Amino acid sequence: MGYEFDVAILGGGPGGYVAAIKAAQRGLKTALIEKGSLGGTCLNVGCIPTKALLASAAAYTSAKAARDFGVTVEGVAFDFAKIMARKARIVKQLRGGVEYLMKKNAVTVLAGAGTLTGAHSLGVAGEAERDITAGAIILASGSVPARPPIPGIAGANVVTSDEILFWDAVPPTLAVIGAGAIGLEFAYFFNALGSTVTVLEALPQVLPAEDAQLAAELATSLTRQGIAVQTGATVLEIGDADGKKSVRFQPAGAEEAQRVSADVVLVATGRWPYTHGCGYEAQGIPIAHRAVTVDAYLHTGVAQIYAIGDLIGGMLLAHKASAEAAVAVDNITGARRAMHYHAIPTALYCCPEVASVGLSEAAAAEQGIEVATGSFPFRPLGKALAIGEREGFVKVVSRKTDGVMLGVQAIGPHVTDMIAAATMAVQHGLTAEQYARTIHPHPTLSECFHEAIEAALGHPVHM
Ligand code: NAD
């Protein structure tokens, strides 16, 4: 039977639009259905706009610290409306770029809400109202901010990242629920611009999925910057008192609940896969804990239907979604390629930055793997001193038996950019010895990774 399209993709985020390009590059007739804006969460209300805002906060902070570099800057100030306008311009420009890529690759973009109506069919409601058929389908409908059942969460001035990204002023006081990536990036941003910020995290450390030493260093730094970081603090209720929000939370081990008052409450307690109204259940697509379940080949088990990105859970990261897009398209075009998750880098863009890849020391211990670890601080490095960025360290985890690098964790200047080299090593099973023999340019911050590996091997040079 002939289908109108070879591949149809539901959702135009970094999973869906990358899948569309990859499919089109293989000569497949491709349709991409998107109900909002191309680029999805990442480009429109996630990675990109937050990075633009954080860059403004960093510029403001640097200008204030200019005298440390012998530079006199008078009257340092910021214009919040201009910061937001710059963010909007960057998003618009990149969105235009994705639209251009769709045209260039001859992808048919259907603007509207897609519903899976059969094993090879989808309905589109909205601007491009129509039904289509496709030989293969990739579900990439992403995720939405989680709204856990905390009493008062629906009240005024209780927002998620979707809303605070469009706020029109710096709230004088801000309470952030959740110390994951979203909570900490906004906490850093608003604190840098003068807001009084409290972060409430239910688990014992910030960034609960990361190495404990890294999380402790980050918490110390954020506290030093003026952010009140409360770990072991489970939020119970959000109410109103004296014209402000009043957040009631239970500190771990304490008898009495406590309260923090704020003008705005940001709920950053995770994201939920988006399946609402997509017709997945009716077509037998398996769903568990809100997420579509797939096998190692990203196949849903139904006809030629694959699923990728935030929709299938795991690490909710744009680059994970894009990597899955490539795997799904390979499998649709006849390959049998499994998706591997052992070397997906994470990145947090507050100051100091945090990045990691692979196993932490604790995760390796949980798996019963004996490891050697080494760490090295940025402080003694010439480049770190020259640029006035002395916070943080790099930690390396390698397997004791054969020296294979299992993970790298880093906190400090530009670590989100530098984690790529460590990712290459972990992805391809380089040994610490091989990494150590790789010549790193001097003077650079990348030397910190080199020194940490030398430390894991027992012979750091500059320590
Ligand atoms: P998250 O799951 O990373 O963190 C949410 C935090 O909220 C957890 O630490 C959790 O313990 C805490 N929490 C939950 N309920 C609570 C309660 N009642 N009281 C106090 N604390 C509570 O989620 P997120 O930060 O919202 O981010 C969502 C997803 O988006 C994540 O997967 C994240 O990795 C991804 N993301 C990544 C980046 C980045 O890579 N820079 C940026 C933003 C988002």
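Between domain 2 and domain 3 of this predicted model, about 1300 Å² is buried, and 63% of that area lies on carbon and sulfur atoms. The size of an interface is often quoted as the accessible area lost when the parts come together, which is the reason I open with that value.

Where are the two partners in the chain? The domain assignment places domain 2 at residues 158–269 and domain 3 at 346–456, while domain 1 is made up of 5–145 + 272–332. The C-alpha centres of domain 2 and domain 3 are 29 Å apart, and the contact draws on 15 residues from domain 2 and 18 residues from domain 3.

Let me stay with the domain 2 side for a moment. Asp211, Leu214 and Glu217 together provide 35% of the area that domain 2 buries against domain 3, which is more than any other three residues provide.

Turning to the polar part, nine residue pairs are in polar contact between domain 2 and domain 3, counting pairs with both residues at pLDDT 80 or more. Two salt bridges are counted between these domains, and in a salt bridge between the side chains of Arg224 and Glu391, the N to O distance is 2.5 Å.

As for secondary structure, helix H6 (181–192) and helix H7 (212–224) each contribute at least two residues to the side of domain 2 that touches domain 3, with H7 giving the most, namely seven residues. Sorted by class, that side of domain 2 consists of seven nonpolar, three polar and five charged residues.

Technical notes:
Residues are numbered from 1 along each chain as its sequence is written. This is a predicted model: local features need pLDDT of at least 70, side-chain atom pairs count only at pLDDT 80 or more; totals for chains, interfaces and linings use all residues. Side-chain values use heavy atoms; hydrogens and water are left out. Domain bounds come from an automatic or database domain assignment. Contact means heavy atoms within 4.5 Å. Buried area is the accessible area (1.4 Å probe) that two parts lose on being put together, summed over both. A salt bridge is a side-chain nitrogen of Lys or Arg within 4 Å of a carboxyl oxygen of Asp or Glu. A polar contact is a pair of N or O atoms within 3.5 Å; within protein, one must be able to donate a hydrogen and the other to accept it, and residues adjacent in sequence count only if both atoms are side-chain atoms. Helices (H or I, at least four residues) and strands (E, at least two) are DSSP runs, numbered from the N terminus. Ala, Val, Leu, Ile, Met, Phe, Trp, Tyr, Cys and Pro count as nonpolar, Asp, Glu, Lys and Arg as charged, and the others, Gly among them, as polar.
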